[in-house]
Amino acid sequence: MKTLLHGRRHRIILSTLSVVMTLAGISLIAIVDFDKSITVPPLLSILTHGLIFASLLFLLFLRLAHQQALQKARELEETQGKLLRQAENFARQKVGIDAHAIISITNRDGRITYANDKFCEISGYSQEELIGEDHRILNSGIHDQTFFSGLYANVLRGKTWHGEICNRAKDGSLYWVATTIVPLQNQDGRVDEFISIRTDITSIKSHEAELQKSNQLLDTTFKHFPGSITAFDKDKRLILANRATYDLLETSPEDLPVGSTYEDIVRINAARGEYGSVEPDEILKERLDLLKSNETIHFDRINPAGRHLEISMWPLQDGGFVVVHLDATDRYRMIADLKRKNEEAEATAKALMSAQAAQKETHQRLLDSINSMKSGFAIWDKESKLLMVNEAFRNFHEEIEEWIVPGLSFERFMQLGAEKKIWQNSDEMTEEWIKAAHRKFISNDEMELIIVMRDGTHLILYNSRLENGDAISNFIDITEDRKRQAELERARDALTDIAYFDALTTLPNRAHCQQDLEQMFKDGKPRDRFAIIQIDIDKFKRVNDSMGHISGDHLLKEIGSRLSFLASKVPTFKPYRWGGDEFVATVTNISSEELESLCQELTDLIAIPVPYEGATLWPTVSLGIALYPDDATDLASLMMYADLALYKTKEMGRDGYQFFSAEMKEKLDSEASIEADVRAALRLDEFELYFQPQISTIDESITGIEALVRWNHPERGQLPPGLFMEIVESNGMASALGNVIFDKAMMAVRSWSEEGLHFGRLSVNLSPAHLKKQTLVDDFCYSMEKYGVNPDLLAVELLESMLLDDRYTYINELFETLAARGVHVELDDFGTGYASLSHLSNLPVDGIKIDRSFVNNIAVNEKQKAIVEVVMSMSKMMQLRVVCEGIETHQQLSTVSQIANCSVQGYLVSRPLCFNDMTNWIREKRHIGLLSPSGPRQIRHEHLSIAPKTVISR
């Protein structure tokens, strides 16, 4: 535009000069014409006219030039308008490009001179950080130097470069961009700048990697699938086949290449006799007609080799279809074999149950007859250990009745009789005399001995040895029935004394203590301040274990004497024998200082060494004290607080005393919190059953499963019953939790039964607190009926110790009711509760579980082994099922298996499993091979499940 204006000024100047020259020439001619006197030279005249003519020509040229200039000016203005509109479009396009593309400009040296916002956003750098830097700031290390050398060589030659680059952002993360680099050349053709246009393809690259991984997985699955897979297009031509296809058809990819028709395969099968006498055209038509329904087709056939094939066909949307062949021969054989074995097992079970019923009836009659005998009766094993006694035997030896339990040796029986002086000649029964009598008992097949009881009763002890080494003792009363009334009175007095005084220490016993304390609160709250002192002998069990129960009894007697001595000095101090190694004392009308002094005196008194048979016992005691009314105003709280203080003393190292404090109360509050959590857990269904299987040592078959409760605490995770069961039992929640356990157990049994899984029977542990409610049987049977469970698949486990607890007087009725309903009853932790054989004989018990404490060291501990032998021998005679708990090693298993055939349970078999894992454990027959040292054999999973299918018979 500036050039156009500049040329216009030049034309105006030239036009002016031309006009001036023309006017000058015309003026000169006019002067000459006007004044004839003026003589003009001819040459000047010619020049003048020429000048005028030239000026006119120049004016004409200028006119034409002016018109052309005006035309160019109009064209230039139109061009300028177009350029302005294009500039506006370019500006709008730049905004759009900047919003979606990553753009930068670098100079020839590779330094960044421009970076748009998208560039800054993806890289994490600001424009200030990028301008002046080269692209090495974004180098991810993914590409080598050769990659970048080739790139720069290409663009420096003026060629546009396209490719994908991985860059590293400021925060260290990597991102991929599709990049186009355009070189910009100057007028000399030299590349001065580069424009880079990039697009973020990070997600695309990620999807490509995932797609590649999925393709690899599909390809691997396809190649190694155990069955045949073929795919056909809409023209029924083969497009895909795995290796198993050619193995099944006994051909090769060369003989049946991709592109072969489905008809070719049908004819190959027909030639091999796969369809018998059916024509291949008929088979082909039937299959293709079925595919027209666009539904999945399932059918099976048996090939000439006797293999059972399961075939499935799936239509595809494009008109093609997929065919899968699976060899199910082994599964069908296994199903047939299992069916046959099940029928055999059912027949055997019926015969066994019939025989068991007859034997049980005979056994019961025998026991009833033995217990009805007036003479004493006892059976000893070949090791001279007691197996069983009748009631008359116990009556003859009532002074030592508490020691008459299975496992008592004959020698120890004689020692106890001598110690308790139950015979008139007890003083003559020295240790040597007893040993001699024991040797005579072992060596002689028959032995007869006259015994005179302390009360004058004459008994004949007659021993006879059986063929298996066991011995039978008969104690026959040969005295007249004299002074029966006097004996009854003495017995009544003795029972009263036994009821309220401890026979060992002569102190008032627990019942006496409870009676006295209740009497204090009978007419309201006591007026006087008093203290309850819980007294516990420290490490008393160690004395029994290391020196024997006789030494323990001696120590208890001595401590009882010392407490009686202290009571004689302090009239308000009254001691009681609470039970075991525990004593309780009450102190009335005493100040805190006097009480603390008394406690110190008591601990010092007990700590005096006790000599015993050449050894010295060093007793100490732990005391716990609660004060009325300082700590509580009710008896139950006082006893509990004293007990808490006692536990605190033990926590602090024993041999001392502690008074109840608020800190101990906090512990109670903690238990209350757990109680609240348990109640919430019952409401929110946070309890779950885990299952531990039991298998036979004979054939590794599953004989039973024990249900174990677990608490899925929302904050503390999964908790075992040891962390909450005591609180459940003591706070009235046992029946609620028991009903939850019953329902979950019944659901498990029903699920396994409906699936046809063999699991023996499911054992459920019964809660002692639930028993107190006397609704347990109804609750259990209601749940069993609600879920329609066969009672023969259920067993209940009851702690052996509960048989000896007077609080459960109705336990016989419970056993009989459950047995009448068809539910099996078993004793748990057998051997720890000192249940007598009469319990086993009088109750409908189906089995026992030997406690893990007898199995832990059975391989090296002959005593444990002997105990287990006795229990198993007794169980065999009584037709009882035996389960050994805690089997964790093959050495333990081997020892147990050598003793007798039984079932085993423990970590060697399996840890407790949740329902789904237990179900898979049964399905996959993981018990097979478990008891062999090499471990379980592998069982193919596909042989263990039967999938339902639509069958087309052919």
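The model is predicted, so local features are taken only where pLDDT is at least 70.

First, the chain as a whole. There are 29 helices and 31 strands. Of the 954 residues in the chain, 41% are buried. The accessible surface comes to about 53000 Å², and carbon and sulfur atoms account for 54% of that. On contacts: taking those with a separation of 6 or more, 55% are between residues 24 or more positions apart.

Now the backbone. Where is the cis peptide bond that involves P629? The bond runs from Y628 to P629, and its omega is near 5 degrees.

For K539, phi is near 55 degrees. K539 lies in the loop between β16, residues 530–537, and α16, residues 540–547. For E613, phi is about 45 degrees, again positive. E613 is in the loop between β19, at 610–612, and β20, at 615–617.

Are these two side by side with the solvent, or covered? K539 is partly exposed, because its relative accessible area is 46%, and the exposed class begins over 50%. E613 has a relative accessible area of 70%, so E613 counts as exposed.

To recap the local part: a cis bond from Y628 to P629, a positive phi at K539, and a positive phi at E613.

Methods
Residues are numbered from 1 along each chain as its sequence is written. This is a predicted model: local features need pLDDT of at least 70, side-chain atom pairs count only at pLDDT 80 or more; totals for chains, interfaces and linings use all residues. Side-chain values use heavy atoms; hydrogens and water are left out. Helices (H or I, at least four residues) and strands (E, at least two) are DSSP runs, numbered from the N terminus. Buried means under 20% relative accessible area, exposed over 50%, partly exposed in between (1.4 Å probe, protein chains only). Contact means heavy atoms within 4.5 Å. Accessible areas come from the Shrake-Rupley method with a 1.4 Å probe; for residues, only the protein chains shown count as cover.
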